[in-house]
Each structure stands twice: as C-alpha cells, then as structure tokens.
Amino acid sequence: MSKAKTQLYYAKQDKITKEMQYVANTEELDVNLIKNEIKRGRLIIPANINHKHLNPIGIGIAAKTKINANIGSSSIEKNIENEVIKTQTAIKYGADTIMDLSTGGNLDEIREAVIANSTAPIGTVPIYQILHDLKDDILNLNINQMLYTIEKQAKQGVSYFTIHCGFLLEHIPYVAKRKMGIVSRGGSLMASWMMHHHKQNPFYEAFDDILDICRMYDVSLSLGDSLRPGCLADASDEAQFSELKVLGELAKRAYNKDVQVMIEGPGHVPLNQIERNMELQKELCNEAPFYVLGPLVTDIAAGYDHISSAIGACVAAWKGAAMLCYVTPKEHLGLPNANDVREGIIAYKIAAHAADIARGRINARIRDDKMSDARYAFKWEEQFNLALDSDRAREYHDESLPQDIFKEAEFCSMCGPKFCSYKISQTIFNEYKGA
C-alpha cells in the first residue's frame with residue numbers, strides 16, 4: 001500500500017497545508033505553531049481527503065477546547081431524516097465534530113447523509129457496523145471483514161475512527177473487581193470475542209493494517225477507552241489505567257506511521273480525581289490530545305447528566321483535555337432527539353468556554369466582555385446575538401415581554417423599571433460624576 005501524505009506527514013516535513021492555515025486563521029494562532037504542535041503529536045486536524053466540504057478544526061492543547069456531539073440511530077429508532085436533523089442541529093449550535101454512532105437501519109446511507117450535511121469532521125465507531133453486518137453475532141468477527149468495513153467508511157469520508165484496540169485479553173481479570181464491569185459497547189463486544197476464542201483483541205493484532213488504511217485517507221484515530229469507568233466506584237482503577245498505558249504505546253506506533261491520533265478518556269470520575277487522570281494521560285500518552293466523555297462527577301443525576309458531566313468536563317478541559325464528548329439529558333435513559341442534542345451541546349459549549357477562560361487562551365474572554373457592555377447598555381438584540389444559544393435567550397426574554405418596544409427598554413421582567421440595579425448605578429454615577 002502506498003504512503004499517502006497526511007497532515008502529520010506534512011508537519012514532519014515542515015510543510016504548511018491549507019488545512020493548517022485554515023485552523024491557524026480560525027484559532028488566531030501562528031500557522032507555524034499549528035504545524036509544530038501537529039509535528040509533536042499534540043494537535044491533530046481530522047480531515048479525511050474525501051470529505052470535500054469540510055471546515056477543518058484543530059484538536060489539541062494549543063487550540064480552543066473542542067466539543068463533540070454524538071448522534072445515531074438504533075434498532076428501535078432508525079430514520080435517516082432524524083439523523084440529518086440532529087446533524088443540522090449540532091452544526092447550528094456549535095459542535096466542532098460529530099460522531100455517528102448508528103446501530104440500526106441502513107448504516108451506509110445514514111453515514112452518507114450525515115457526512116453530506118456536515119461541515120464538521122465526522123467520527124464513527126466501526127465495530128458497530130461490523131456487528132450489524134455480522135447479524136449481531138460478534139463471535140463471527142474476522143480481521144478481513146473488520147478491515148473491509150474500516151476502509152469502506154474511510155472511503156465515505158469519515159475523518160476519525162474510535163477503535164477499541166487497547167483492551168487486551170490480560171486485562172479481563174481486572175474487570176471482575178469492578179462494581180459495573182464494562183460499560184463501553186465496543187469494549188463489551190471485544191470482551192465477548194476474546195473470552196470465547198481465548199485470543200488477543202483482533203483490533204490490537206491488526207493495528208498496523210488499520211494504520212495503513214487511515215494513512216491512505218488521512219483518517220485520525222481516536223483510541224477508544226473500552227475500560228472507562230461507568231460509575232464513581234470504578235474510577236481510576238487498575239483496569240482503566242492498564243488500558244491507558246497500552247493506548248500510549250499504540251499512539252507511538254500511529255505517530256511513526258504518520259497517522260494522527262488522540263486518546264479517549266473517562267467516564268465517571270469524582271471531581272477530586274480528574275486532575276490526576278489528565279496528568280497520567282499526558283505522561284503515558286506523550287501528550288497526545290485527550291478526548292474525554294464528561295466525566296460525570298456524580299451517578300445520581302439521571303435526566304440531568306448533561307449538567308453533571310459538564311461540571312467534570314470543565315475541570316478536565318481546564319486541566320488539559322483537548323476535546324469534550326458531550327452528554328445529553330437522555331444519557332443512561334434513551335436515544336437523544338434533536339432537542340437533547342441542542343441541550344447537550346450548549347452545556348458543553350459553556351464548559352469548554354469556561355475552561356478556555358481559565359486557561360488564559362488567546363481572546364477567550366472578548367465575547368464575555370462584549371456581553372457585559374451590552375447588558376449594561378440594555379442592548380437586547382446584541383445580548384441575544386452574543387449568547388451561546390441566541391434562540392433560547394430571545395425566547396426567555398420574550399416570554400413575558402414579547403413586544404418589540406421592550407427590545408429598547410432599560411429593564412427586564414425580573415426587576416421591572418424601578419428596581420434595575422444597572423439603571424440605578426448609571427443614575428448614581430451620572431449624578432455624582434462631577435462631585
């Protein structure tokens with residue numbers, strides 16, 4: 001197989017690509033910094049050569065914190081139009097990447113529609129289609145079919161794959177000590193296959209072949225955390241960190257083959273353990289970008305897990321995570337709809353933005369300062385436009401004061417015209433500014 005030229009390949013050659021320049025412009029960073037971060041393996045640009053209408057993004061510690069939105073069908077809900085609507089909703093409200101986790105319906109057609117409607121990079125978990133094509137019998141998995149499915153998705157334009165390749169046969173005894181075992185769908189499937197055949201993880205065994213495919217289409221790898229903790233009691237245990245060490249070793253192999261790579265992380269983690277998780281990932285994985293699911297900081301927020309997880313996500317990003325995988329209110333309860341996608345994205349945009357401010361990222365607070373000025377000047381339309389969810393801000397304002405005249409009012413419905421602290425402050429300062 002011939003060697004294709006990936007973003008990492010060009011960076012190693014000290015060459016700047018149009019994708020690097022695009023990212024530098026959007027991040028307001030020097031393009032040589034972007035190139036050098038890719039060269040070091042600390043930043044990736046997932047940009048499949050077949051996703052023609054892609055707006056490239058950079059994922060790494062030098063860039064703004066990114067968020068991913070998961071969508072996808074199930075065996076119960078498998079309407080292509082619903083996934084297109086979710087995709088469009090995700091783009092509208094600011095998802096940086098979208099993962100199609102479909103498991104039901106015509107997966108190829110769903111993926112094709114999602115890619116066609118997205119300017120953001122699309123990620124997938126190939127094992128889901130592999131299982132679907134095996135008629136749900138994972139025990140019949142073979143490496144040839146696995147590689148066929150991976151290349152088919154690469155040809156379609158998928159920009160990054162989650163591959164569960166770091167969970168090894170020798171890790172299974174660690175899982176037996178857990179309260180909740182394996183909560184990763186891909187991880188549980190690999191455990192079933194390994195236990196039945198008493199053989200090593202086929203994704204691990206075929207890792208070099210997977211790298212060859214990724215290099216041909218410049219697909220990035222998101223090394224999946226099959227053993228991520230699914231509850232606070234299992235956080236930071238031997239199973240999780242044993243897999244993380246293997247992921248670090250695989251990241252080096254990917255780098256040596258010019259394949260861009262990021263590492264997936266937990267999961268459910270108590271707030272006081274998040275910083276240590278970030279530090280250990282940097283140490284074991286050569287500072288490859290860390291892509292975390294939450295983490296959720298409590299197990300009892302069913303229906304509100306987008307909030308519980310956004311708390312953990314903010315801390316994780318503050319302490320070094322490069323991308324946050326959103327959680328919706330439906331987490332643990334059901335398949336998200338378009339409104340759930342919206343709620344999850346906004347929660348995570350808040351977490352990512354707060355972390356960027358805490359890290360002192362360039363120009364991170366400009367929008368906040370503009371919002372403060374607009375509030376103090378009662379510029380309602382400007383406030384709506386500056387909000388992360390402009391539609392929701394307008395909706396809540398107009399709930400009690402819908403008439404256009406109130407867009408010019410120097411009060412809202414909470415304080416009314418007599419008790420607005422802004423107005424009182426301005427009156428005081430104007431009255432006594434010459435004193």
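Guide: Start with exposure: a residue is buried under 20% relative accessible area, exposed over 50%, and partly exposed in between, using a 1.4 Å probe and protein chains only. The model is predicted, so local features need pLDDT of at least 70 and side-chain atom pairs pLDDT 80 or more, while totals for chains, interfaces and linings use all residues. Numbering runs from 1 along each chain as its sequence is written, and side-chain values use heavy atoms, without hydrogens or water.

Now the loop between α13 and β9, which holds Asn286. Helices are DSSP runs of H or I with at least four residues, strands are runs of E with at least two, and both are numbered from the N terminus. Asn286 is not a glycine, yet its phi is positive, about 55°. Its relative accessible area is 37%, so Asn286 is partly exposed. His198 also has a positive phi of about 55° without being a glycine. His198 sits in the loop between α9 (185–197) and α10 (202–205). It counts as exposed because its relative accessibility is 62%. Why note such angles? Most residues other than glycine have a negative phi, and most peptide bonds are trans.

Two cis bonds come next. Pro266 to Gly267 is cis, with omega near 20°. Gly267 belongs to the loop between β8 (261–265) and α13 (274–284). Gly294 and Pro295 are joined by a cis peptide bond too, with omega about 0°. Pro295 is in the loop between β9 (290–293) and α14 (305–318).

On to the cysteines. A disulfide here is a pair of cysteine sulfur atoms within 2.5 Å. The count is 0. For Cys285, the closest cysteine sulfur is that of Cys165, 11 Å away, so the gap is too far for a bond. For Cys165, the closest is in Cys214, at 9.8 Å, again too far for a bond. Cys285 is buried, at 1% relative accessibility. Cys165 is buried as well, at 0%.

Now the core. A nonpolar core is a set of buried Ala, Val, Leu, Ile, Met, Phe, Trp, Tyr and Cys residues joined through side-chain atoms within 4.5 Å. The largest one has 99 residues, and Phe203, Leu221, Leu223 and Leu324 have the most contacts inside it. Apart from that core lies another, of 14 residues, including Val31, Ile34, Ile38 and Ala47.

Last, the surface. Patches use residues with over 30% relative accessible area and no salt bridge; like charges are joined within 9 Å, nonpolar side chains (Val, Leu, Ile, Met, Phe, Trp, Tyr) within 5 Å. A salt bridge puts a Lys or Arg side-chain nitrogen within 4 Å of an Asp or Glu carboxyl oxygen. Areas follow the Shrake-Rupley method with a 1.4 Å probe. Tyr376, Tyr422, Ile424, Ile428, Phe429 and Tyr432 make a nonpolar patch of about 600 Å². Helix α19 (residues 421–432) gives the largest share, 5 residues. Phe429 lies in α19. With a relative accessible area of 54%, Phe429 is exposed.
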